[in-house]
Amino acid sequence: MSFNDVITQWDEVKLRGLFQSVTDADVRAALRKDDRSLRDLAALLSPAARPHLEAMAREAQRLTRWHFGRTIALYAPLYLSNLCAADCVYCGFSVRSENKEKRVTLKEPEIRNECEALAAQGFESVLLLTGEAPRAVDPDYIARGIAIAREYFASVSVEVYAVDQEDYRNYVAAGLEGVTLYMETYHRPTYAEVHLEGEKADYDYRLDAIERAGRAGVRKLSIGALLGLFDWRTEAFWTGLHGRYLQKHCWQSALAISFPRLLHHPDRFQIRDRVGNADLVQIILALRLFLPEAGFNLSTREAPELRDKLLPLGVTHMSAGSSTRPGGYATRGKEVLEQFEIEDFRSPSEIRDLIRSLGYDPVWKDYDRAFDTA
Ligand code: SF4
């Protein structure tokens, strides 16, 4: 049974009814359990759970400390290219975005410059990113980028366009540890409305991509929905559903969840389902209670005050000192097009100090359990 078969059993109409039918007693019962069901996840995401956020936060903190200790792993994004042939209406890299800033693809010496700059700041984990330009930035180029980055970092992950299982296998052979691939929205009609051109417009190919990566031997699989495209309760439920599916079908890989929230966007796109801070907190807490062993990533998309508050609630990985333009650390200037504006401009050393001040240990390399026990 593919994940598409699973998700179609939980359509948005059924979920809306489920969220509305949850009672206070259902939420309390979900809070008391050790092993939570999909109905418990719905209860924790429902409006009835809102008065229980404090109790959920205590349980989320307990579970996170049990599974991860008091550690927060730090990583940095490294954009290899901002070329993109796709038209995702919410994205600054889109081929139709009408942005006039430069489009570049880093050459090998430039990739090395960027790696050196990040390694000098102490990073040992890096996330390589590109747009979707499979002709100009093909899988061989990405594999080469992985191999170069691996010379500098203990852990290399990618957040690039979806590829075939064979390409993921080649990435693993080049030294890849993780794949981050957001479905953006699991809601098929909304997906079609916001992905107008490019291979990314193929919902089914993208939906199955992270499982292909797992089957190809990628050790760390990160998923997420771009919050703001569709109803957040439903997206969070589907993300949890996908996470549990991957834990079952790709059990040799570690699962991680990200919570990218649309805050900045091109003028031609308006956010339909805005996600407030309390909503984001509820999503993180509900998913932590449902998936206690999953890593949780928090990027610099979010503002410093909020990141500081979210940190003890289940977060295990944070980016720091991020640039979202290729060459943004050492090679190119601000004339190069960035993907989106970040909110947290603090340096890696400031984030490290903050983590310590909150009683956690900053970790520059995250040796996850799947790796240790392989
Ligand atoms: S989200 Fe990715 S594929 Fe879509 S326009 Fe942006 S960079 Fe291109």
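Helices, taken as DSSP runs of H or I with at least four residues, and strands, taken as runs of E with at least two, are numbered from the N terminus. On this basis the protein, examined here as a predicted model, comprises 16 helices and 11 strands.

The overall dimensions were computed from the C-alpha trace, which spans about 60 × 45 × 40 Å along its principal axes. For a chain of 374 residues, a compact globule would have a radius of gyration near 21 Å; the value for the protein is 20 Å and therefore agrees with that expectation. Of the 374 residues, 50% are buried. Among contacts between residues at least 6 apart in sequence, 79% join residues at least 24 apart.

The largest nonpolar core contains 111 residues. Within this core, the members touching the most other members are L44, L74, V126, L128, A149, L221 and A286. The greatest contribution to the core comes from helix α13, residues 277-290, which supplies 8 residues.

The ligand is surrounded by residues from several parts of the sequence, namely C84, A86, C88, C91, F93 and S94, together with G131, E132 and K200. By class, this shell consists of 5 nonpolar, 2 polar and 2 charged residues.

Methods:
Residues numbered from 1 in each chain as written. Predicted model: local features only at pLDDT ≥ 70, side-chain atom pairs only at ≥ 80, totals over all residues. Near = placed C-beta within 6 Å. Nonpolar A, V, L, I, M, F, W, Y, C, P; charged D, E, K, R; others polar. Core = buried A, V, L, I, M, F, W, Y, C linked by C-beta atoms within 7 Å. Buried ≥ 20, exposed ≤ 12 C-beta atoms within 10 Å, placed from the backbone. Rg over C-alpha atoms; globule rule 2.2 N^0.38 Å. Contact = placed C-beta atoms within 7 Å.
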